[in-house]
Amino acid sequence: MTVPHGTPDAPRIAVRGEAHLEVDPEIARLGVTVASRGKDRRTALDDLTRRNTAVLDLLKSYGDAVDRLETGSFSVAPELKEHGRSERVHAYHGHVHITAELTDFTALGELTTRLADQELTRVDGPWWALRRDSPAYREARQQAVREAVQRAREYAEALGTSLTSLLELADIGAEDPEPRFVGKAARARSMAYEADAGTSAAPLDLEPQRQHVHAQVDARFTMAPPSL
């Protein structure tokens with residue numbers, strides 16, 4: 001696209017406006033993998049069903065604190081013996097993956113610990129994020145526009161004149177629409193183990209990871225002819 005040039009009667013100013021915000025996260029995501037192992041397929045499947053139900057019941061018991069709950073991949077697969085010519089099944093392994101999205105961080109530490117205390121359950125996360133419609137995105141865009149206008153005005157004032165009209169305002173796509181993986185994800189716990197009967201772990205102390213929002217625009221203005 002050809003960029004219009006200014007004229008002596010309507011000189012053009014082209015500027016870029018940027019905004020960088022650091023805000024508190026609005027969402028914490030947890031990945032939960034439930035596993036089972038059995039000598040036969042039915043045992044592995046029954047144990048996986050039982051453990052999956054226990055994890056889902058635990059997550060649902062936190063009510064509105066768990067804003068979203070999704071079941072992802074599921075598998076039950078045989079493990080063949082390493083030695084021997086025949087394809088003999090040594091055991092069956094089952095896995096089901098669950099994703100939980102929390103908006104109430106006061107319950108996060110306790111829930112994470114209770115999940116990790118379940119039988120053959122692995123917990124990954126939390127991954128902090130903003131909602132897609134977070135007000136932080138709007139604020140960053142507005143700040144970027146205000147900075148562009150202010151910068152153009154300062155250039156015009158340096159020439160002893162003022163802005164007359166806006167020719168173009170372009171969002172150049174510098175804002176990340178979903179910054180849930182900005183920086184390193186805070187990993188609460190990532191391990192699989194058998195729960196120790198009769199004991200309960202203390203809730204984890206999890207500090208939310210601040211989120212960085214970046215907006216950038218290009219703007220072009222005309223100004224009144226300066227006296228040079």
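Two strands count as paired when DSSP finds at least two bridges between them, and strands themselves are DSSP runs of E with at least two residues, just as helices are runs of H or I with at least four, both numbered from the N terminus. With that in hand, let's walk through this predicted model, in which local features need pLDDT of at least 70, side-chain atom pairs count only at pLDDT 80 or more, and totals for chains, interfaces and linings use all residues. Residues are numbered from 1 along each chain as its sequence is written, and side-chain values use heavy atoms, with hydrogens and water left out.

Strand β2 runs antiparallel to strand β5 (residues 121-129), and 7 bridges join the two; Ile-27, for instance, has Ala-129 of β5 as its bridge partner. β2 also pairs with strand β4 (residues 89-102), again in the antiparallel sense, over 11 bridges. Here Thr-33 stands opposite His-97 of β4. Of the 12 residues in β2, 10 are buried, where buried means under 20% relative accessible area, exposed over 50% and partly exposed in between, using a 1.4 Å probe and protein chains only.

Now turn to helix α1, residues 41-60. Buried residues of α1 include Ala-44, Leu-48, Arg-51, Val-55 and Leu-59.

Finally, which aromatic rings pair up? The whole structure holds 1 aromatic pair. Ring centres of Phe-105 and Trp-128 lie 5.1 Å apart with planes at 80 degrees, so the pair is edge-to-face. For Phe, Tyr and Trp (its six-membered ring), centres must lie within 6.5 Å, and planes under 30 degrees apart count as stacked, over 60 as edge-to-face and the rest as tilted. Phe-105 belongs to the loop between β4 and α2 (108-116) and Trp-128 to strand β5, 23 residues apart, so the pair links distant parts of the chain. Trp-128 is buried at 1% relative accessibility, whereas Phe-105 is partly exposed at 24%.
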